[in-house]
Amino acid sequence: MQTELADFIRGTPEGLEADAILRKCVHCGFCTATCPTYQVLGDDLDSPRGRIYLIKRALEGAAVSGRTRLHLDRCLTCRACETTCPSGVQYGRLVDIGREVVEKRTWRSPWDWFKRSVLSFGLPRTSLFSAALRTGQLLRPLLPRGLKKQIPEKTEQDASWPPPRHARRMLVLGGCVQPALAPSINAAAARVLDRLGISLMEAPGAGCCGGVRFHLNRHEAGRDDMRALIDAWWPLVEAQRVEAIVVTASGCGVTVKDYGHILAHDPAYRDKAARISALARDLCEVVPADFPQIRNHGQVAFQSPCTLQHGQQIRGRVEALLSRAGYQNAPVRDAHLCCGSAGTYSILQPEISTELRARKLAALQEGGAPCIATANIGCLAHLQAASDVPVRHWIELVAEALERRVA
């Protein structure tokens, strides 16, 4: 694709990157076959091919409007198109650049601006989100049915965490919403790794990965969250006291693995960011696959988050671990398609998100599995709000299988 970028971005780091990405696109349309929003809406401007055209025009200085921004807002950034693209177009990076440019050149309604501001302020702050969640759970019986479904019921969770006792040690990301919604996930990861000879540790202050605000087009605020997380981890990383940084939410994992790119032009943090990215591992990458084979724990349908299979390009690993732990993996139709969670997408684009969730749950439940497993807290909460069967993080199922075997 030929490009002629406008003066405001030509020669900048963002412009050079966008130009290189745009020139790879041949507008073949393969991406439309795997784009969830195109499947729902049928509009080419709501496909990667159409959005690439809109971004190209914006970067060339053409006028943009709220309609341009709407098509970009509707993108889930699921990156299924990257898996499909025969030309290797890095669409996820291009859409980040395009969104920032269009955001600066358009005007949002007060209500839209307010929603995004509340999400940007509240979600990355674990204590604030926890307080809001507890309040919502207390008021849940009084809320309208639609809103009630969005607030998970308070449940007892196993958050028992073994003390560090092994020579092999790894850090784990605490996250922003996961400690409030599901503290059992990191605890289960710690117990499983402890049984396999690895101690998992949390660093004080290691909260939000920065993805929430970065993908709300508040890029510098997102980078500030990333820098804060690097600062929390750096003393242990610099002292070489950990061999990896484990992320139990695949949505956070794909962001942390991209720190080296996002902070590449920050002289104070680029080397640290590259080191953090090199150490980052999704949980399924560090759980050894050679623990003793366990049998007969029933069937499970695994929902592979987009951030795992497309963002991190990890496929089949979780299913293999579940099989090793004695679970039978149910076949899942259209497993490559997004469930509609996508960070804050389910709040900002509820109609499309709800339709995608309904399609995903229908596919997951076709085989009659009594449980759905996933690898991302956002997908878990989104699916559980409408699921007739429990939705669990896969590590909790593995932990239960190992603990039953020992008992």
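The strands themselves (E, at least two residues) and the helices (H or I, at least four) are DSSP runs, numbered from the N terminus. The model described here is predicted, so local features need pLDDT of at least 70 and side-chain atom pairs count only at pLDDT 80 or more, while totals for chains, interfaces and linings use all residues. Residues are numbered from 1 along each chain as its sequence is written, and side-chain values use heavy atoms, with hydrogens and water left out.

Strand β2 (residues 198-202) is largely enclosed by the rest of the structure, because four of its five residues are buried (under 20% relative accessible area, with exposed over 50% and partly exposed in between; 1.4 Å probe, protein chains only).

Helix α11 (residues 184-195) holds aspartate 194. This aspartate 194 counts as buried because its relative accessibility is 11%. Its side chain makes a polar contact of 2.9 Å with the side chain of arginine 165 (a pair of N or O atoms within 3.5 Å; within protein, one must be able to donate a hydrogen and the other to accept it, and residues adjacent in sequence count only if both atoms are side-chain atoms). Leaving aside residues up to four places away in sequence, aspartate 194 touches Pro162, Pro163, Arg165 and His166, where contact means heavy atoms within 4.5 Å.

Attention now turns to open space. A pocket is an open set of points on a 1 Å grid over the protein atoms alone, where a 1.4 Å probe fits, with protein on both sides within 12 Å along at least five of seven lines; lining residues have an atom within 4 Å of a point. The second largest pocket is lined by 18 residues, and Glu14, Glu17, Arg223, His261 and Ile262 lie nearest its centre. Helix α6 gives the largest share of this lining, four residues.
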